[in-house]
Amino acid sequence: MDASRRQSGIQQLLAAEQEAQQIVNAARAAKSARLRQAKEEAEREIAEYRAQMKADFDRKVEESSGDSGANVKRLEQETAAKIEQLNQQAASISPEVIQMLLRHVTTVKN
């Protein structure tokens, strides 16, 4: 009867080991499925965030480029005013510069 009891105990241990292995395999499968699901959710969130950031960027570029025509016109006006100012300054000192150049060219130093 001892042999029968041992055989029965071994069978129970083998059955318990198989059951434990099935539980471990089921847990691994569930973990793997959850990791795949989490990865898909993360990729979806990243895609949504990227789309939102691109839309914000495009909107800001559109807003700033709308003002570029006004900026170009303002810069052209400022440049024209600065050129006119420089021309007036050059015209006002031009006779003095001509006299100074003539003096230096016609004066001989020993």
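Me: In which helix does E96 lie?

Reply: Helices (H or I, at least four residues) and strands (E, at least two) are DSSP runs, numbered from the N terminus, and by that reading E96 lies in helix α2. Please keep in mind that this is a predicted model, in which local features need pLDDT of at least 70 and side-chain atom pairs count only at pLDDT 80 or more, while totals for chains, interfaces and linings use all residues. Residues are numbered from 1 along each chain as its sequence is written, and side-chain values use heavy atoms, with hydrogens and water left out.

Me: Is E96 buried or exposed?

Reply: A residue is called buried under 20% relative accessible area, exposed over 50%, and partly exposed in between (1.4 Å probe, protein chains only). With a relative accessible area of 58%, E96 is exposed. N25, whose place is in helix α1 (residues 2–66), is partly exposed, its relative accessible area being 39%.

Me: What share of the 110 residues of the protein counts as buried?

Reply: With those cut-offs, 0% of the 110 residues count as buried. As for the surface as a whole, the protein exposes about 10,300 Å², of which carbon and sulfur atoms supply 57%; such areas come from the Shrake-Rupley method with a 1.4 Å probe, and for residues only the protein chains shown count as cover.

Me: How many helices and strands does the secondary structure come to, and why is the protein more spread out than a compact globule?

Reply: The secondary structure comes to two helices and zero strands. The radius of gyration is 45 Å, well over the 13 Å that the globule rule gives for 110 residues, so the protein is more spread out than a compact globule. That radius is taken over C-alpha atoms, and the globule rule is 2.2 Å times the number of residues to the power 0.38. Along its principal axes the C-alpha trace spans about 140 × 50 × 10 Å.

Me: What separates E96 from Q37, in sequence and in space?

Reply: E96 and Q37 are 59 residues apart in sequence, and their C-alpha atoms are 84 Å apart in space. Another such pair is N25 and K82, which are 57 residues apart along the chain and have C-alpha atoms separated by 81 Å.

Me: Which residues does the UniProt annotation "coiled-coil region" cover?

Reply: UniProt positions are given here in the numbering used for this model, with feature names shortened, and annotations may be inferred rather than shown by experiment. According to the unreviewed UniProt entry, the "coiled-coil region" covers residues 28–59. In the model, the span of residues 28–59 is 100% helix and 0% strand, and its end C-alpha atoms lie 46 Å apart.

Me: How many salt bridges does the count come to?

Reply: A salt bridge is a side-chain nitrogen of Lys or Arg within 4 Å of a carboxyl oxygen of Asp or Glu, and by this rule the count comes to three. One of them joins D58 to K54, with the closest N and O atoms 3.2 Å apart; D58 and K54 are four residues apart in helix α1, which means that about one helical turn separates them. D58 is partly exposed at 36% relative accessibility, whereas K54 is exposed at 52%.

Me: Which side chain does D56 meet in a salt bridge?

Reply: D56 meets R59, at 3.9 Å from N to O, and both lie in helix α1, three residues apart, or about one turn of the helix. D56 counts as partly exposed at 27% relative accessibility, and R59 counts as partly exposed at 41%. In helix α2 (residues 68–106), R74 and E78 are four residues apart, about one turn of the helix, and their side chains meet in a salt bridge at 3.0 Å, N to O.
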